Amino acid sequence: MLNALDKLMLEKVADLHEIPQGAFNIRKNGHGVQRNTTANIDIITKQDKSGIDVIVKPYTKGESVHIPVIVTEDNINDVVYNTFEIGEYSDVEIIAGCGIHNCGDHKSQHDGIHTFYVRKGAKLKYVEKHYGQGDGKGQRVLNPKTVIEAEAGAIVELELIQIKGIDRTNRETDIKLMGNAKLVVTERLLTYLDQEAESSINVELLGADSSAQIISRSVAQDNSKQVFYFDLAGKNKCRGHIQCDAIIMHNAVVLSTPRISAYHSEAQLVHEAAIGRIESEQLIKLMSLGFSEKEAEDTILNGFLK
Amino acid sequence: MLDIQGVSLEIEGDRGTEILKNISLKFYDKKIYVVTGPNGGGKSSLAKIIMGVYNPTSGKILLEGQDITYLSITERARLGIGYAFQSPPRFKGIKVKDLLKMAASYNPEKVNICDLLYNVGLCAQDYLDRDVDSSLSGGEMKRIEIATVLARNLKVAVFDEPEAGIDLWSFQKLAETFKNINQQYDTTIIIISHQERIMELADEIIIMSNGTISAQSERDIILAGILNTDDCLCSTKCAKGVGQNAECIG
């Protein structure tokens with residue numbers, strides 16, 4: 001059963017205040033604890049390894065699947081393989097997320113390997129939130145890997161959010177887009193203290209008229225370090241845009257490597273990358289409205305990461 | 001009353017050394033002042049000294065008798081000083097309505113944000129949910145900037161070249177709006193401008209050049225002087241950069 005701490009973690013990673021409506025699977029400290037399926041969405045435990053298969057029937061509309069993971073003990077090393085079959089012409093939202101509460105002195109780690117097959121004409125919104133807390137010395141580590149194959153005409157929207165509390169993360173996202181498939185990735189990352197985060201997003205635009213947009217915004221504070229790799233590879237007539245922006249503060253380090261690669265004469269690819277501190281004019285503007293310097297800074301950062 | 005007493009400033013800015021030389025000015029309650037003069041004459045520096053963006057090298061600034069010379073921008077804002085930037089900053093992820101709500105948050109009176117946008121010639125429906133980022137044009141940014149100052153209940157409002165990017169229709173509207181806030185809140189309005197039509201709103205006009213005040217008088221006296229100056233070869237009767245909607249570089 002879920003206790004108060006579990007519920008707090010669920011709220012942080014999945015905006016869940018109660019047990020969700022629709023399909024869900026809650027995993028705690030390496031084990032499934034609660035599950036619900038619907039007429040259109042099935043969740044099956046994998047037999048060969050740890051993880052689940054989520055199967056969304058074709059033409060399923062407007063349903064959601066919550067698959068939060070919570071880790072509330074130290075010395076946990078949880079590796080999970082989840083596979084998602086998003087049926088033709090369905091339209092669903094999947095909310096994943098991992099919350100780690102580590103009060104102990106040993107590392108807690110969760111590595112989620114998620115593979116999505118988004119079938120013809122289907123629409124998927126996938127939200128992944130990371131959150132960590134706890135005053136122990138044990139590190140909170142999350143290494144998610146997301147692989148997506150989007151078939152013809154599929155629309156995929158990804159929101160990858162890690163705002164606080166994760167000491168180490170190495171995120172890898174690989175996406176293949178077929179004809180007319182459309183992808184929008186929104187990444188938001190905030191690191192502080194001595195945290196390190198690495199994110200690599202690789203998109204292959206394989207089909208004609210496929211399109212991809214990656215919008216990454218991050219804030220690096222204190223002594224934290226962020227490393228980004230973005231690669232858009234256009235292998236057909238396609239459009240792609242990478243826009244990555246980082247606000248750097250204190251003694252933080254941000255390394256950003258956007259790459260666009262065209263293998264077709266009608267591939268149109270653009271990248272924009274910027275790293276900079278908060279502009280003093282922005283602070284002055286908000287202070288001239290009556291905000292303190294700290295309030296102005298928080299307002300700017302909150303807006304930036306929204 | 002805002003009382004500037006013998007203020008001097010020497011600061012390395014983006015455009016070289018910015019200088020004010022022993023400026024003394026009294027801005028009385030409820031009046032509209034227009035500060036004009038050639039670029040680089042110290043007008044924007046004066047505005048920034050009033051808002052607290054720059055601290056004077058010497059001299060004093062008093063607001064209703066209170067010495068505010070060394071108060072921060074935030075403290076001055078809370079005492080009722082407002083400033084519309086010449087080149088307003090943009091904010092990624094902050095919507096027009098968010099910025100206007102922030103601006104209105106210290107105003108005890110209920111402010112209708114849609115009316116604010118209308119007052120600067122923007123359709124609320126089209127703009128409230130737009131981000132205040134590079135998707136907005138320079139003119140749109142200027143209008144929103146003005147709206148953030150109109151949202152506040154101010155003792156002193158400083159507008160740094162508000163006319164840039166504003167079309168003719170909105171210009172008329174803007175002029176009325178300046179008059180209205182002047183009457184509604186008894187705000188002292190200081191407008192830095194090269195525009196003759198803005199100058200026509202003024203009770204008093206101040207001409208600044210080389211960091212000093214070269215003339216200060218009632219509107220009609222100064223305007224008559226400016227319009228009759230014939231020191232350039234162009235057929236338009238104006239002083240350089242003054243009185244016409246023309247940019248000048250010197």
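In chain B of this predicted model, strand S7 and strand S8 (residues 188-192) pair in the parallel sense over five bridges. Strands here are DSSP runs of E with at least two residues, helices are runs of H or I with at least four, and both are numbered from the N terminus. Two strands pair if DSSP finds at least two bridges between them. B:Ala157 has B:Ile189 in S8(B) as its bridge partner. Strand S6 (residues 81-84) of chain B also runs parallel to S7(B), joined by four bridges. Here B:Ile81 stands opposite B:Val156.

Residues are numbered from 1 along each chain as its sequence is written, and chains are lettered from A and ligands numbered from 1 in the order in which they are written. Local features need pLDDT of at least 70 and side-chain atom pairs count only at pLDDT 80 or more, while totals for chains, interfaces and linings use all residues; side-chain values use heavy atoms, with hydrogens and water left out.

S7(B) is largely enclosed by the rest of the structure, because five of its five residues are buried. Buried means under 20% relative accessible area, exposed means over 50%, and partly exposed lies in between (1.4 Å probe, protein chains only). Both faces of the strand are covered. B:Val156, B:Val158 and B:Asp160 are buried on one side, and B:Ala157 and B:Phe159 on the other.

The whole structure holds seven aromatic pairs over all chains. Rings of Phe, Tyr and Trp (its six-membered ring) pair if their centres lie within 6.5 Å; planes under 30 degrees apart count as stacked, over 60 as edge-to-face and the rest as tilted. B:Phe159 and B:Phe178 form an edge-to-face pair, 4.6 Å centre to centre with 70° between the planes. This pair links distant parts of the chain, from S7(B) (residues 156-160) to helix H7 (residues 168-184) of chain B, 19 residues apart. B:Phe159 and B:Phe178 are both buried. In chain A, ring pairs link A:Phe84, A:Phe116 and A:Tyr126 into a cluster.

Two lysines of chain A also meet rings. The charged end of A:Lys49 sits over the ring of A:Tyr81, 4.5 Å from its centre. That of A:Lys235 sits over the ring of A:Tyr263, 5.2 Å from its centre. The criterion is NZ of Lys or CZ of Arg within 6 Å of the ring centre and within 35 degrees of the ring normal.

The largest nonpolar core has 95 residues. Such a core is a set of buried Ala, Val, Leu, Ile, Met, Phe, Trp, Tyr and Cys residues joined through side-chain atoms within 4.5 Å. B:Leu2, B:Ile4 and B:Phe159 touch the most other members. Apart from this core lies another, of 48 residues, among them A:Val56, A:Phe84, A:Ala154 and A:Ala197.

Helix packing was examined next. In helix H3 (residues 96-104) of chain B, B:Val96, B:Leu99, B:Leu100, B:Met102, B:Ala103 and B:Ala104 are buried. The buried residues of H3(B) pack against helix H2 (280-287) and helix H3 (293-305) of chain A. In chain B, they pack against helix H4 (113-119), helix H5 (124-127) and helix H6 (138-150). H6(B) is mostly covered, with twelve of its 13 residues buried. H6(B) reaches 19 Å from its first C-alpha to its last, close to the 18 Å expected at 1.5 Å a residue. That expected span is 1.5 Å times one less than the number of residues.

Most residues other than glycine have a negative phi. A:Tyr89 has a positive phi of about 55° although it is not a glycine. A:Tyr89 is partly exposed, at 33% relative accessible area. B:Glu161 has a positive phi of about 45° and is not a glycine either. B:Glu161 lies in the loop between S7 and H7 of chain B and counts as buried at 10% relative accessibility.

B:Thr187 lies in the loop between H7 and S8 of chain B. At 2% relative accessibility, B:Thr187 counts as buried. B:Thr187 and B:Tyr28 are 159 residues apart in sequence and 9.7 Å apart in space, C-alpha to C-alpha. Leaving aside neighbours within four places in sequence, the contacts of B:Thr187 include B:Lys30, B:Val156 and B:Ile181. Contact means heavy atoms within 4.5 Å.
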